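Student: I have a new structure to look at. Can you walk me through it?
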Amino acid sequence: MLSVNHLLDQELDMPAKTIESAEQDAVLSRLKKGVHTWPIEDLSSDLSVVPSNKATDFAILKDLDRGIYSISNRQLDLSVVVEWDQ
């Protein structure tokens with residue numbers, strides 16, 4: 001059974017290979033300090049899922065293959081794509 005909040009989660013898709021996060025200073029952050037493989041930091045954090053609750057994650061995306069990312073909501077059949085020259 002899906003919760004109402006889960007129905008509003010967004011998916012983040014990008015060609016990054018790693019991310020770097022600073023100190024974990026926000027109470028609601030899912031990230032630990034250091035460099036991590038994109039999109040899964042550990043078994044409990046799939047960073048490609050942007051939660052609808054108040055999580056606050058800040059990281060630098062590294063090793064992008066292309067200048068593009070997208071945010072999608074499958075339940076609403078809605079996507080936004082941002083693309084730039086590298």
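This is a predicted model: local features need pLDDT of at least 70, side-chain atom pairs count only at pLDDT 80 or more; totals for chains, interfaces and linings use all residues.

Student: Okay, what order do the strands of the open sheet come in?
Tutor: The order is S6-S1-S8-S9, with 4 strands and antiparallel pairing.

Student: And which strands stand at the edges?
Tutor: S6 and S9 do; each has a single partner strand, so one side of each has no neighbour in the sheet.

Student: How do strands pair in a sheet anyway?
Tutor: Through backbone hydrogen bonds, in either a parallel or an antiparallel way.

Student: How many bridges join S1 and S8?
Tutor: Strand S1 (residues 10–13) and strand S8 (residues 68–73) pair over 3 bridges. Asp13 has Ser70 in S8 as its bridge partner.

Student: What about S8 and S9, how many bridges there?
Tutor: There are 6 bridges between S8 and strand S9 (residues 78–83), again antiparallel.

Student: What lies between S8 and S9 in the hairpin?
Tutor: A stretch of 4 residues separates the two strands, and Asp77 in the turn has a positive phi of about 55 degrees.

Student: Switching topic. How much space is in the largest pocket?
Tutor: About 240 Å³.

Student: Which residues lie nearest its centre?
Tutor: Leu12, Arg30, Trp38, Leu47 and Asp57, out of 15 lining residues. Strand S6 (49–50) and strand S7 (59–62) are the elements that each give two or more residues to the lining.

Student: What classes make up that lining?
Tutor: The lining of the largest pocket has 13 nonpolar and 2 charged residues, with no polar ones.

Technical notes
Residues are numbered from 1 along each chain as its sequence is written. Side-chain values use heavy atoms; hydrogens and water are left out. On a 1 Å grid over the protein atoms alone, a cavity is a set of points where a 1.4 Å probe fits but cannot get out, and a pocket is an open set with protein on both sides within 12 Å along at least five of seven lines; lining residues have an atom within 4 Å of a point. Grid points are joined across faces, edges and corners, and a volume is the space filled by probe spheres set on the points. Ala, Val, Leu, Ile, Met, Phe, Trp, Tyr, Cys and Pro count as nonpolar, Asp, Glu, Lys and Arg as charged, and the others, Gly among them, as polar. Two strands pair if DSSP finds at least two bridges between them.
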